[in-house]
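Let's take a friendly walk through a protein chain. Have a look at the whole shape, and then we will go through its parts.

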Amino acid sequence: MAYIQLEPLNEGFLSRISDVLLCGWTCRHCCQRCYESSCCQSNEDEVEILGPFPAQTPPWLMASRSNDKDGDSVHTASDVPLTPRTNSPDGRRSSSDTSKSTYSLTRRISSLDSRRPSSPLIDIKPIEFGVLSAKKEPIQPSVLRRTYTPDDYFRKFEPRLYSLDSNLDDVDSLTDEEIMSKYQLGMLHFSTQYDLLHNHLTVRVIEARDLPPPISHDGSRQDMAHSNPYVKICLLPDQKNSKQTGVKRKTQKPVFEERYTFEIPFLEAQRRTLLLTVVDFDKFSRHCVIGKVAVPLCEVDLVKGGHWWKALIPSSQNEVELGELLLSLNYLPSAGRLNVDIIRAKQLLQTDVSQGSDPFVKIQLVHGLKLVKTKKTSFLRGTIDPFYNESFSFKVPQEELENASLVFTVFGHNMKSSNDFIGRIVIGQYSSGPSESNHWRRMLNTHRTAVEQWHSLRSRAECDRVSPASLEVT
């Protein structure tokens, strides 16, 4: 039996078989020509780009297309004759076979590219940072901004923000001597101490010195050489519950030596600001504010206490408030009665230098523009915080209630001359302000129910200007 000696398998043949099994089937002729291993071999110069990137076509593909245009561009990949491979005696390809294989691969890729729809090419311009030349076009649009002319700029300033009070913010950076030389309003001596056992703050007003001479607004003041000063004490932000010293007559160096107590917890006291306002009393004119001192209590040792001389600074409040009045209104439709309760008043303007005030309240009913009825409370001696608790009743039919007005006037009783005017409000048809209108409206909506409300007193001129009912009474 004859044995045939088989030659060892060539390694190139095995590699071509593996290329056939692992082929990616990139073209429809791959199954016929994979034995050539041309479409599955990777070469650095022969790679097909399937994605949209890079933006430009590879140079080797452009060169092949240009060669096809010069040659026969009608032939497709199937028309290209297959060139059988012949191996050299040492098992390597010849240079002519390699060039032919490369040329056939190039033609197939070119024909495949013409059949497949081309991928979109995206031209991405890089964003350049730096100075743009005149020839380059900026990528991002520039933001249009409005240019303000000097007239528009200065028109936005508000003069009221640059008044004297707006400049007082720099007072904290000045010493007492600098404040004294700048404003020349005098100095105030006072002390504070907190009692932890009884939970109250004691403020002692001792004296003042170098107060300026008085200023008369209407020329009615006779003594223009001396002031009649007194001090009002309160704990901000609560200005309603304030204390007031006695008036010292005709002096620019008053000595008060008065103590006042505020019932307030210790932690709450540290959040308050002590405000001391020096006021010039004028019975025939208006009480004028000379100056003020504000001390944040968080900056002082309340338990240890201390004494201070502080320079007075100007105050935005040139006139002293006239006080407040607590009223209660109730209407009974069945009886046609309008009931008024004068409960109390507080912080009234002081009209007597020696004894404070002797205040009383006059109530006048005005129907339309005609005075109908007048009543008044008793006067309480030597106080600016009177408690009245007096009731009055007026007969007002329900059909006339809409045209009715009540005028409340607080006077200081004077035995030797006419009574001293303190303040006034009007409630009803011709109310003197929004607070008074709100009180009247609440009473009309809640018949047979007493409605209480605090009211700030106004000057006679202010009430006459806004309320015709105020002009009908004295």
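## The overall picture

The chain holds 10 helices and 16 strands; both are DSSP runs numbered from the N terminus, helices (H or I) having at least four residues and strands (E) at least two. Of its 474 residues, 38% are buried, meaning under 20% relative accessible area with a 1.4 Å probe, protein chains only.

Before going on, note that this is a predicted model, where local features need pLDDT of at least 70, side-chain atom pairs count only at pLDDT 80 or more, and totals for chains, interfaces and linings use all residues. Residues are numbered from 1 along each chain as its sequence is written, and side-chain values use heavy atoms, leaving out hydrogens and water.

## The largest core

A nonpolar core is a set of buried Ala, Val, Leu, Ile, Met, Phe, Trp, Tyr and Cys residues joined through side-chain atoms within 4.5 Å. The largest one has 37 residues, and Leu325, Ile342, Leu406 and Phe408 touch the most other members. Elements giving two or more residues to this core include strand S9 (324-332), strand S10 (337-346) and helix H8 (434-445).

## A four-stranded sheet

Which strands form the open sheet? The order is S13-S10-S9-S16, with antiparallel pairing; strands pair if DSSP finds at least two bridges between them. S13 and strand S16 (451-456) are at the edges with a single partner strand each, so one side of each has no neighbour in the sheet.

S9 and S10 pair over nine bridges, and Leu325 stands opposite Ala345 in S10.

Terms used: Buried < 20%, exposed > 50% of the residue type's maximum accessible area, 1.4 Å probe, protein only.
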